[in-house]
Amino acid sequence: MSSVKSVVELSEVIKTFHRGDEAVSVLKGVSLSISHGESVAVVGPSGSGKSTLLNIIGTLDHPSSGSVTIDGEQVHEMNELALADFRNQRLGFIFQSHHLLPQCTVLENVLVPTLASRDPRVLESAAERAPALLKRVGLDHRMGHRPSQLSGGECQRVAVVRALINQPKLLLADEPTGALDSQSADGLSELLLELNREDGVTLIVVTHSIALAKQMGRTLELSDGALPAPLRA
Ligand SMILES: Nc1ncnc2c1ncn2[C@@H]1O[C@H](COP(=O)(O)OP(=O)(O)OP(=O)(O)O)[C@@H](O)[C@H]1O
Ligand SMILES: [Mg+2]
């Protein structure tokens, strides 16, 4: 299953949570391969393990067993410090709630992921890129505003720019439109799809939206902790 073009390779990933004496088996042997530039929807009923899978791909959680290779790195073997660097440099995250810092401006929020870099040139080039990215999502005129002055959809677009600021190889989104009204949700979906189409950003989106899933290149359906045959290849 190994391929140099893969940005995500999971092999026989098992995830079991332990609650007291009880073991909850969530992922029961998930193998998948996602190539650079793909757009993939992850669907399935509530509790089927979509967020767990996305968190494992995003190195925010560890598999109980199995291997996880992201952008060529065997992340299941890396320590927490190396993982934090890896996440920061190569992955972008968008969640259902934007998690913007309320006391910071839009521009400052967008630059937060660059602050961990020890290289001042990284911050410098990000500071140059940020206004252009904000312009692209139609928010360049709101750079000095705080999140409380923005709508939910606007905040989520800021979160997209924040996820892109370090030019990640892989963009991971967990129900990014879940908290938005339908018009804002459509706008955000269109933005994500455009980033995939025009910039070649590899995109994995957990979504309950059938309309969004249909627009993605491929849909993975989690069922009983596994990925049966693809819905659409
Ligand atoms: N840290 C944890 N400890 C124990 N159980 C957990 C933990 N995280 C998730 N689970 C359990 O794992 C199962 C899958 O959860 P997960 O959040 O991945 O589902 P989901 O498909 O994202 O659901 P939703 O659509 O509601 O967001 C659930 O039964 C959940 O209770
Ligand atoms: Mg979830």
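These are my notebook entries on a predicted model of one protein chain with a ligand.

**Ground rules.** I count residues from 1 along each chain as its sequence is written, with chains lettered from A and ligands numbered from 1 in the order in which they are written. Because the model is predicted, local features need pLDDT of at least 70 and side-chain atom pairs count only at pLDDT 80 or more, while totals for chains, interfaces and linings use all residues.

**Overall look.** I looked up the helices and strands, and the protein chain has 7 helices and 9 strands. Both are DSSP runs numbered from the N terminus: helices are H or I with at least four residues, strands are E with at least two. The C-alpha trace spans about 50 × 40 × 40 Å along its principal axes. Buried residues make up 39% of the 233, where buried means 20 or more other C-beta atoms within 10 Å of the residue's own, with C-beta atoms placed from the backbone.

**The sheet.** Next I traced an open sheet of 5 strands, in the order β6-β7-β8-β3-β9, with parallel pairing. Strands pair if DSSP finds at least two bridges between them. At the edges sit β6 (91-94) and β9 (218-221), each pairing on one side only. I zoomed in on β3 (residues 39-43) and β8 (residues 202-206), which pair in the parallel sense over 4 bridges. There, V40 stands opposite I204 in β8.

**Helices on the sheet.** Helix α5 (residues 152-164) lies across β6 and β7 (170-174), at about 165 degrees to β6. Helix α6 (residues 182-199) lies across β3, β7 and β8, at about 155 degrees to β8. The angles run from 0 to 180 degrees between N-to-C directions, with axes fitted to C-alpha atoms, for helices over the stretch in contact. Contact means C-beta atoms, placed from the backbone, within 7 Å.

**Around ligand 1.** What surrounds ligand 1? I listed F17, R19, V24, V26, G44, S46, G47, S48, G49, K50, S51 and T52, using a C-beta atom, placed from the backbone, within 6 Å as the cut-off. β1 (6-19), β2 (22-35) and α1 (50-57) each supply at least two residues of this shell, and α1 gives the most, with 3. I sorted the shell into 3 nonpolar, 7 polar and 2 charged residues. Here Ala, Val, Leu, Ile, Met, Phe, Trp, Tyr, Cys and Pro count as nonpolar, Asp, Glu, Lys and Arg as charged, and the others, Gly among them, as polar.

How values were computed: Two residues are in contact if their C-beta atoms, placed from the backbone, lie within 7 Å. A residue is buried if 20 or more other C-beta atoms lie within 10 Å of its own, exposed if 12 or fewer, and partly exposed in between; C-beta atoms are placed from the backbone.
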